[in-house]
Structure formats: structure tokens, C-alpha cells
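Please read these notes with the structure open beside them. They take the points one at a time.

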Amino acid sequence: MASAAVPAEGRAGRGVVPVVPALREVLPDGGLRRGTAVSVAGGDTGLLLALAAGVKETEGGWAAAVGLPDLGLAAAEGYGLDLRRLLVADDPGPHWAEVVSVLAGAVELVMLRPDGPVPPKLATRLAAVLRRSGCVLLVAGPWPGAALRLGVRSGRWFGLGDGYGQLAGRQVEVVAEGRGSAVRGRTARLWLPDEHGAVRPVPDRPVLDRPPLERPVLERPVPGRPGVVGQPLERVAVV
């Protein structure tokens with residue numbers, strides 16, 4: 001593992017870890033600044049994976065998932081993560097901080113769900129580890145002193161009918177805010193994911209601003225005249 005990854009001293013201070021194009025405008029640096037912690041409010045797994053997907057464009061391309069036993073590997077691959085370069089520590093228990101410290105020296109990015117509230121002193125100690133290594137820490141949930149905070153402010157799934165069908169995608173509004181140039185919140189409307197499991201921008205005329213999806217119009221037969229239809233019956237909105 002260590003031989004495949006870029007040495008920590010070669011990563012520190014080298015700008016940003018890329019993100020997928022759909023997320024660049026919402027991030028103040030156009031990517032994830034190396035050596036920092038980023039908080040994903042509410043622990044939204046889709047947003048976490050979308051933010052991590054760009055790591056494959058780095059020289060090393062390695063990522064790790066710590067404390068995320070329910071992480072769907074198929075979903076991770078759909079968002080663009082290379083499973084061949086993903087290290088997984090499902091249940092590190094109370095030793096998650098030690099695991100993160102070790103991995104930070106070997107991978108470009110770590111996705112983390114701590115097993116409870118994070119003490120500020122521990123966050124400060126890990127911040128020093130991140131600065132030295134140049135690793136990005138993506139946290140599912142709050143993180144003391146996070147350089148950037150992102151979250152899903154609103155969202156809606158599409159594809160289900162009235163008791164039938166399958167989910168085809170989710171539209172969301174992503175909000176980013178933080179310190180320095182990121183103090184003022186930035187927003188982006190995205191498919192997270194789309195029907196192919198990837199993330200992409202919502203068009204200029206987003207579906208969220210249109211009427212709900214509807215069933216085909218049902219026509220009312222004209223009494224006494226088979227095959228002739230009159231006014232439409234009511235439309236049934238899909239919720």
C-alpha cells in the first residue's frame with residue numbers, strides 16, 4: 001500500500017484534490033484543499049462519495065473509508081471511485097483517530113464517520129496530522145474547526161409512480177460555507193445521483209421548478225357512444 005501511494009512529504013502543500021466538474025463551482029478553491037478537514041452535514045453518503053470521487057485524478061489516487069460499514073461499494077464505484085484504490089476500515093471502534101492518523105500518511109483522502117462527538121483537542125491533533133501529510137479528511141457529520149462545511153439543503157427523488165417503478169435519481173441543492181473565502185455560502189443544484197449513478201448539474205430549467213410528474217391523462221367515455229371520449233379525468237400527481 002505505502003509503495004503505491006504518494007509519500008506524504010510529496011503531497012503537503014500541493015494545492016487541491018480535484019472534484020468532479022459538477023462540484024467545482026460550489027467549492028471556493030474549485031477542489032478540496034489539501035491538509036484540511038471538510039464536514040458533510042447530516043452525513044449525506046451521496047455527497048460524501050461525490051466529493052471523494054475526484055481523488056482518482058491525483059497522482060496517487062488512493063482513498064480510504066473509516067467507520068462506514070454501510071458504505072455501498074457499487075454506489076461508490078458509480079460516483080467514480082476506483083475500488084482498486086480504496087482502503088476500507090469498517091469498524092475501527094474507539095481507535096478511529098489512530099487509524100486516520102496512519103492512513104493520512106498513505107492516501108490522498110480519507111472518508112470518516114467518527115463513533116461519537118469529536119473533542120476539539122482531538123480534532124486539533126488530527127488537523128496537525130493532515131497539514132503534515134496533505135491528506136484531505138471528509139467527515140460524515142460535524143467536525144470542530146472544519147475548513148469547509150457542505151450539506152444538502154433540499155432534495156427530491158424521482159422515478160417512483162403510485163406504488164410502482166424504481167428510483168431514477170435525486171435532485172438536491174448543495175450548500176457550502178466555511179472560513180476565509182468560503183464564509184459566504186455557495187449553492188449548486190445537482191443530480192445526486194442521476195439515473196446512471198453519477199453526479200451532474202441540474203439544467204438551467206431544473207425539474208424541481210416544474211409541476212410534479214404525472215400519469216398519462218385518463219379520458220372519460222361519452223355515454224352511449226362507444227369509442228368516443230370527452231373531457232379528461234383528473235391528473236394524478238406522483239409524489
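**Notes on the model**

1. Val152 counts as partly exposed, at 27% relative accessibility. Here buried means under 20% relative accessible area, exposed means over 50%, and partly exposed is in between, with a 1.4 Å probe and protein chains only. Val152 lies in strand β8. Val152 and Glu173 are 21 residues apart in sequence, and their C-alpha atoms are 5.8 Å apart in space. Helices (H or I, at least four residues) and strands (E, at least two) are DSSP runs, numbered from the N terminus.

2. A word on sources. This is a predicted model, in which local features need pLDDT of at least 70 and side-chain atom pairs count only at pLDDT 80 or more, while totals for chains, interfaces and linings use all residues. Residues are numbered from 1 along each chain as its sequence is written, and side-chain values use heavy atoms, with hydrogens and water left out.

3. How many salt bridges does a search of the whole structure find? The search finds eight, a salt bridge being a side-chain nitrogen of Lys or Arg within 4 Å of a carboxyl oxygen of Asp or Glu. One of them joins Glu173 to Arg153, with the closest N and O atoms 3.1 Å apart. Glu173 lies in strand β9 (residues 165-178) and Arg153 in strand β8 (residues 148-160), so the pair ties together parts that are 20 residues apart in sequence. Glu173 is buried, with a relative accessible area of 18%, whereas Arg153 is exposed, at 55%.

4. Arg200 takes part in salt bridges with Asp194 and Glu195. The closest N and O atoms are 3.0 Å apart for Asp194 and Arg200, and the N to O distance is 3.4 Å for Glu195 and Arg200. Asp194 is buried, with a relative accessible area of 7%. Glu195 is partly exposed, at 47%, and Arg200 is partly exposed, at 29%. Through shared partners, the salt bridges join Asp194, Glu195 and Arg200 into one network.

5. The peptide bond from Leu192 to Pro193 is worth checking by eye. That bond is cis, with omega near 5°. Pro193 is placed in the loop between β10 (186-191) and β11 (200-201).

6. Helix α3 (residues 45-52) has seven of its eight residues buried, so α3 is largely enclosed by the rest of the structure. The buried residues are Gly46, Leu47, Leu48, Leu49, Ala50, Leu51 and Ala52. Asp44 caps the N-terminal end of α3, where a side-chain oxygen lies 3.2 Å from the backbone nitrogen of Gly46.

7. Thr58 lies in the loop between α3 and β4 (63-66). Is Thr58 buried or exposed? Thr58 is buried, with a relative accessible area of 10%. Its side chain reaches the backbone oxygen of Val55 at 2.7 Å and the backbone nitrogen of Gly61 at 2.9 Å. A polar contact is a pair of N or O atoms within 3.5 Å; within protein, one must be able to donate a hydrogen and the other to accept it, and residues adjacent in sequence count only if both atoms are side-chain atoms.

8. In helix α5 (residues 96-104), Trp96, Ala97, Val100, Leu103 and Ala104 are the buried residues. Seen down the axis of α5, these buried residues fall within an arc of 130°, so they line one face of the helix. The arc is that of the directions from the helix axis to the C-beta atoms. An α-helix has 3.6 residues a turn, so residues three or four places apart point the same way.

9. Pro120 lies in helix α6. Pro120 is exposed, with a relative accessible area of 55%. Between Pro120 and Gly145 there are 7.9 Å in space, C-alpha to C-alpha, and the two are 25 residues apart in sequence.

10. Helix α6 (residues 120-133) also gives the largest share of the lining of the largest pocket, four residues. In total 14 residues line that pocket, and Gly35, Thr36, Ala37, Ala127 and Arg179 lie nearest its centre. On a 1 Å grid over the protein atoms alone, a pocket is an open set of points where a 1.4 Å probe fits, with protein on both sides within 12 Å along at least five of seven lines; lining residues have an atom within 4 Å of a point.
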